[in-house]
Every structure is written in C-alpha cells, then in structure tokens.
Amino acid sequence: MTTQRIALITGANQGLGRALAEGLAARMAPEDLVLLTGRDRGRVEEAASAVADGPATARVEGRVLDVRDRAAITTLAAELGEVDIVFSNAAARMTREADPADEVDALAETNNLATTAMLRAFAPRLRPGGRLIVVASALGTLDKLDERVAGRFAAAADSLDAVDELVAEWREAVHEGRAEDEGYGGWLNIPSKVAQVAAVRAIARERRDADLAENKLVMALCPGLIDTAASRPWFEDMSEAQTPAEAARWPVELALADAFDPAFYGELVQFGRVLPWRP
C-alpha cells in the first residue's frame, strides 16, 4: 500500500518558496501532496493554481498560513499529523531607507519566532526519512556578529526557549535605540539570520541521535544570492544571482534523496557544503 507523502512550504506564493513548491510538485508522485502556504489568500490561490497547471505530478493545494500566528502553525501541524518534507521559508522583507525600529517586529516574528514555532511543531511530526529545512543565509554564522554579542548567540543555541529570549532582548534593544551600542549592529538581517541558525542547532542538540537513526534531517539552508524583488535593493551587482528555479534545484534534490550526508544535520549548508557555525 502506497503512503501519501506530504510536503509543506511556507512563504511559497513567490520567489524561492514558489520554486521549491514547483520543484517538489514536479518530482513527487500523483498520490503525494504539496502544500503551498502564504498569508494572502488571493496570492496563495493564484500560486497554487499556477504550480498545479505546470509540470506537476503531485497534487498541489494552497493553504493560508500566517507564520506570525504560532497557534495557526500548531493547528496545521496537528491537522496534518505527520509530514515528510518541510521548508520553513517565510521571511519578512526589509527596506534600505526604513528605521530598524519600524521593521524589527515583523522581522523577528516572521523570521525568528516563526522558525522556532515551526521547529517545535513539525520536527516531532517528521516521518522516517523526513526533511525539515529552515531557509536562512550565509549571514547566519557567528563571525558575522560583533564579538560583544556573538557569545550570547552561541549560548542561546542550547535551547529554543533561549533563542526566543535572546530575540526578544535584541528586539527590545532595537526599539530602545541601544542595538548598535550593544553590538547587535544596525542591519537587522544579521542577528535575525544567526538566531535562525541557532534555533536549528538548538533542536538538533535534542534530536540528533534519534533523527539520524531514522534518516531524518533537520538543517538550515543558505540558498545563495537569488534575483528577487526582496534582494535587488541590497546588491548593486546581480549578474551572478540565481533565478528562484536555479536556487531551488539543489534543495529539492536533497529533500527527495533517499539519503543525505550526516554532517548536514543541525548545520547551515550551502550548495552541499557546511558553513561552520564558528568559522
């Protein structure tokens, strides 16, 4: 009897998330289900319809999921029961001209608290052979931080609760205008990405042996530079940037492969290479 596989992608109505949905839908079996999720119902329905009308073999379904709503994440996880592939991909967009205090709440809630919520909800629900991949960035290593705070992020990687607490402290420092003086820096993306990787490392400490025994992978992913509306304002030269479809190719291969390099477990990985947490 064939078991239906379930793949879930957050932030999937555009960019990398949509490309991941397209890649999985084209490679999975007709009895399998790809859940394409996002906040806006109209955009989710349009994206799901377009992916289903493409070279998809699996069933594609759009779901409204605002990852800032942790109760909604828990509810969806309980509804699905078990999953095979999860890409935690949703991210808040930043603007160059904005005051960091105006954007830190959306960033922390979408990139960080949602990441820890996804890990709590779905890591225990991975079937044997499952993959849970958090889309992060090469900015997520400790050397990208000022030494005044790098040790705090390293220590927070002991537990998801500690990561959430540190994110709250960083968020408060931004609002109170203390962030740069305390070493968090002025660019929100760096503490946010390091905290995402810290969260992956935290849950990996708890689950590594049991997960590896069942061929389960939990890791963070750096997909590389992608030519999207979110990334263009931050880079003068996009000539080397990938299309979303190009960036999705290797992660889709990894998610569907029968086996993976155990060295990937709990780490930040780019194009098959582990980016050391402490370079």
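How many bridges join strand S1 (residues 6–9) to strand S2 (residues 33–38), and in which direction do the two strands run relative to each other? Four bridges join them, and the two strands run parallel. The model is a predicted one, in which local features need pLDDT of at least 70 and side-chain atom pairs count only at pLDDT 80 or more, while totals for chains, interfaces and linings use all residues. Residues are numbered from 1 along each chain as its sequence is written, and side-chain values use heavy atoms, with hydrogens and water left out. Helices (H or I, at least four residues) and strands (E, at least two) are DSSP runs numbered from the N terminus, and two strands pair if DSSP finds at least two bridges between them.

**The sheet**

- Eight strands form an open sheet with mixed pairing, and their order is S3-S2-S1-S4-S5-S6-S7-S8.
- The edges are strand S3 (59–64) and strand S8 (273–275), each of which pairs on one side only.
- Neighbouring strands of this sheet are turned by 25° against each other on average, direction ignored; here axes are lines fitted to C-alpha atoms, for helices over the stretch in contact, and angles run from 0 to 180 degrees between N-to-C directions.
- Strands of a sheet pair through backbone hydrogen bonds, either parallel or antiparallel.

- Helix H2 (residues 41–52) lies across S2 and S3, and runs at about 175° to S3.
- Helix H9 (residues 244–256) packs on the sheet, where it touches strand S4 (83–88), strand S5 (126–135), strand S6 (217–221) and strand S7 (268–270), and its direction makes about 175° with that of S6; contact means heavy atoms within 4.5 Å.

- Two packed helices are described by the angle between their axes and the distance between the axes.
- Helix H6 (residues 160–175) and H8 pack at an angle of about 165°, with their axes 8 Å apart, and that makes H6 roughly antiparallel to H8 (angles under 35 degrees count as roughly parallel, over 145 as roughly antiparallel, 65 to 115 as roughly perpendicular and the rest as oblique).
- The contact between these two helices is made by Leu 160, Val 163, Val 167 and Trp 170 of H6 together with residues of H8 including Pro 191, Ser 192, Ala 195 and Ile 203.
- The axes of H5 and H6 come within 8 Å and cross at roughly 150°, and H5 and H6 are therefore roughly antiparallel to each other.
- On the H5 side this contact is made by Arg 152, Phe 153 and Ala 156, and on the H6 side by Ala 162, Val 163, Leu 166 and Glu 169.

**Aromatic pairs**

- The structure holds two aromatic pairs, where rings of Phe, Tyr and Trp (its six-membered ring) pair if their centres lie within 6.5 Å, and planes under 30 degrees apart count as stacked, over 60 as edge-to-face and the rest as tilted.
- Phe 153 and Tyr 184 form an edge-to-face pair, at 6.4 Å centre to centre and with 75° between the planes.
- Phe 153 lies in helix H5 (residues 147–156) and Tyr 184 in the loop between helix H7 (179–182) and helix H8 (189–213), so this pair ties together parts that are 31 residues apart in sequence.
- Phe 153 counts as buried at 3% relative accessibility, and Tyr 184 is buried with a relative accessible area of 3%.
- Trp 250 and Phe 264 also form an edge-to-face pair, at 6.0 Å centre to centre and with 75° between the planes.
- Trp 250 lies in helix H9 and Phe 264 in the loop between H9 and S7, so the pair ties together parts that are 14 residues apart in sequence.
- Trp 250 counts as partly exposed at 26% relative accessibility, whereas Phe 264 is buried at 8%.

**Backbone in the loops**

- Most residues other than glycine have a negative phi, and most peptide bonds are trans.
- Asn 215, in the loop between H8 and S6, has a positive phi near 60°, and is partly exposed with a relative accessible area of 26%.
- Phe 271, in the loop between S7 and S8, has a positive phi of about 50° although it is not a glycine.

Technical notes: Buried < 20%, exposed > 50% of the residue type's maximum accessible area, 1.4 Å probe, protein only.
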